[in-house]
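This report describes the fold, surface and selected contacts of a single model. The sequence and structure are shown below.

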Amino acid sequence: MKANHTPSKGVRLIDIPNLPADQALAMLARMPEYLGEAVAKLCYNQINQQR
């Protein structure tokens with residue numbers, strides 16, 4: 001799946017799991033902790049849906 005973002009708009013939270021790991025980790029490092037937790041929950045839900 002391709003992440004949907006432009007430099008002017010940034011990246012949506014729902015697109016972070018689809019980014020390359022190095023880009024996603026760099027973004028998460030700059031975000032508040034509660035947003036990182038939201039992304040972790042999103043990733044967890046996506047993994048469970050694929051099973």
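How many salt bridges does a search of the whole structure find? The search finds one salt bridge. The model examined here is predicted.

## The salt bridge

The pair consists of Arg12 and Asp15, whose closest N and O atoms lie 3.0 Å apart. In general, side chains of opposite charge can pair when their charged atoms come close.

The two partners can also be described by their accessibility. Arg12 counts as partly exposed because its relative accessibility is 42%, a value between the limits of 20% and 50%. Asp15 is buried, because its relative accessible area is 4% and burial requires a value under 20%.

## Overall architecture

The protein chain contains two helices and two strands. Along the sequence, these elements follow the pattern β-β-α-α.

The protein chain has 51 residues, of which 14% count as buried. Its accessible surface amounts to about 4200 Å², and carbon and sulfur atoms account for 57% of that surface.

## Ala38 in helix H2

Helix H2 spans residues 33-50 and includes Ala38. With a relative accessibility of 37%, Ala38 counts as partly exposed, since this value also falls between the limits of 20% and 50%.

Notes. Residues are numbered from 1 along each chain as its sequence is written. This is a predicted model: local features need pLDDT of at least 70, side-chain atom pairs count only at pLDDT 80 or more; totals for chains, interfaces and linings use all residues. Side-chain values use heavy atoms; hydrogens and water are left out. Helices (H or I, at least four residues) and strands (E, at least two) are DSSP runs, numbered from the N terminus. Buried means under 20% relative accessible area, exposed over 50%, partly exposed in between (1.4 Å probe, protein chains only). A salt bridge is a side-chain nitrogen of Lys or Arg within 4 Å of a carboxyl oxygen of Asp or Glu. Accessible areas come from the Shrake-Rupley method with a 1.4 Å probe; for residues, only the protein chains shown count as cover.
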